[in-house]
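Hi everyone, thanks for making time. Let me put a structure on the screen and walk you through parts of it.

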Amino acid sequence: MIPNVLSIAGTDPSGGAGVQADLKTFSANGAYGMSVMTALVAQTTTGVAEVHELPPEFVTSQLVTLLDDVRVDAVKIGMLANADVIRAVVAVLDRYRPPNVVLDPVMVAKSGDRLLAPDAVEVLREELLRRVDFVTPNLPEAADLLGEQEVRDADAMGAQAERLVGLGVKRVLLKGGHLEGESSVDLLSADGGVQLLDAPRVTTTNDHGTGCTLAAAIAALRPQRPDWSTAVRESKDYLTAALRAAERLDVGRGHGPVHHFHQWW
Ligand SMILES: Nc1ncnc2c1ncn2[C@@H]1O[C@H](COP(=O)(O)OP(=O)(O)OP(=O)(O)O)[C@@H](O)[C@H]1O
Ligand SMILES: Cc1ncc(COP(=O)(O)O)c(N)n1
């Protein structure tokens, strides 16, 4: 059976990040995609012009309307914008208890624009983290969640992943995309084991939405794979392929998107 996978996130009219990237990723990874918006964002490859945060009651309304009808097999949560929207999502998770909830704790866009209010970080840490099955922070997000300095090597990443588990997180992929070097290394801490996931670093400026894509692929693949580790490794391979395929795109003048593809013909 094809899994039904839901994205709860903000939008990107240029199609590179947020809900748009998630839906493309779900399709390319064999899932049926659905979406609930938290914020409408006027953004493109060069940055964010304006954010229109949706009323938390309307986020709830979208979620309840959907979940009363459709079975959901996995959820990817991205941009949540503010504390009230986080609380609205938490209440719905408690009421419907969907499986395989993956949280990408989006705080700041690649362009430097904030996508989560500073006072919402504490609410995310205290109320959301322990309710999800998997969290995918990048290095600045992990530091912010822990109230620590940003780390710069694999040993320190391991220690931070452990402390994130201490906050009640069940499984974590600490993403090292912001580090330098020939490979792009992430650290997975899941189900009692820790492993480094290595992929060749693709030389490109088309890296808008890499975090969204990776978390969405994990949500799409988890119901189709025997365990988290397999789903995560395949998701990383998918992302590397999408980064490479972006070479053939010509979208915008800034950080371009990655390309999602599935050839059925
Ligand atoms: N140039 C690259 N080549 C290969 N993999 C990359 C590259 N840049 C990032 N990645 C990978 O992309 C994923 C996302 O990493 P990153 O640390 O950039 O997350 P992020 O900052 O949340 O992304 P986003 O830009 O969407 O917010 C990780 O698996 C990382 O290793
Ligand atoms: C709606 C939304 N969600 C997430 C991101 C982060 O992606 P990036 O860091 O590549 O800008 C974004 N720009 N917009």
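This is a predicted model: local features need pLDDT of at least 70, side-chain atom pairs count only at pLDDT 80 or more; totals for chains, interfaces and linings use all residues.

Residues are numbered from 1 along each chain as its sequence is written, while chains are lettered from A and ligands numbered from 1 in the order in which they are written.

An unreviewed UniProt entry annotates residues 12–259 as "domain: Pyridoxamine kinase/Phosphomethylpyrimidine kinase"; positions follow the numbering used here, feature names are shortened, and annotations may be inferred rather than shown by experiment. That stretch is 39% helix and 19% strand. Helices (H or I, at least four residues) and strands (E, at least two) are DSSP runs, numbered from the N terminus.

Now, which residues of α3 are buried? They are Val85, Ile86, Ala88, Val89 and Val92. Seen down the axis of α3, its buried residues fall within an arc of 160°, so they line one face of the helix; the arc is that of the directions from the helix axis to the C-beta atoms. On the other side of α3, Asp94 and Arg95 are exposed. Buried means 20 or more other C-beta atoms within 10 Å of a residue's own, exposed 12 or fewer, and partly exposed in between, with C-beta atoms placed from the backbone. After α3 comes Arg97, with a positive phi near 45°.

Finally, ligand 1 is surrounded by 23 residues, each with its C-beta atom, placed from the backbone, within 6 Å of the ligand. Among the closest are Asn138 and Lys175.
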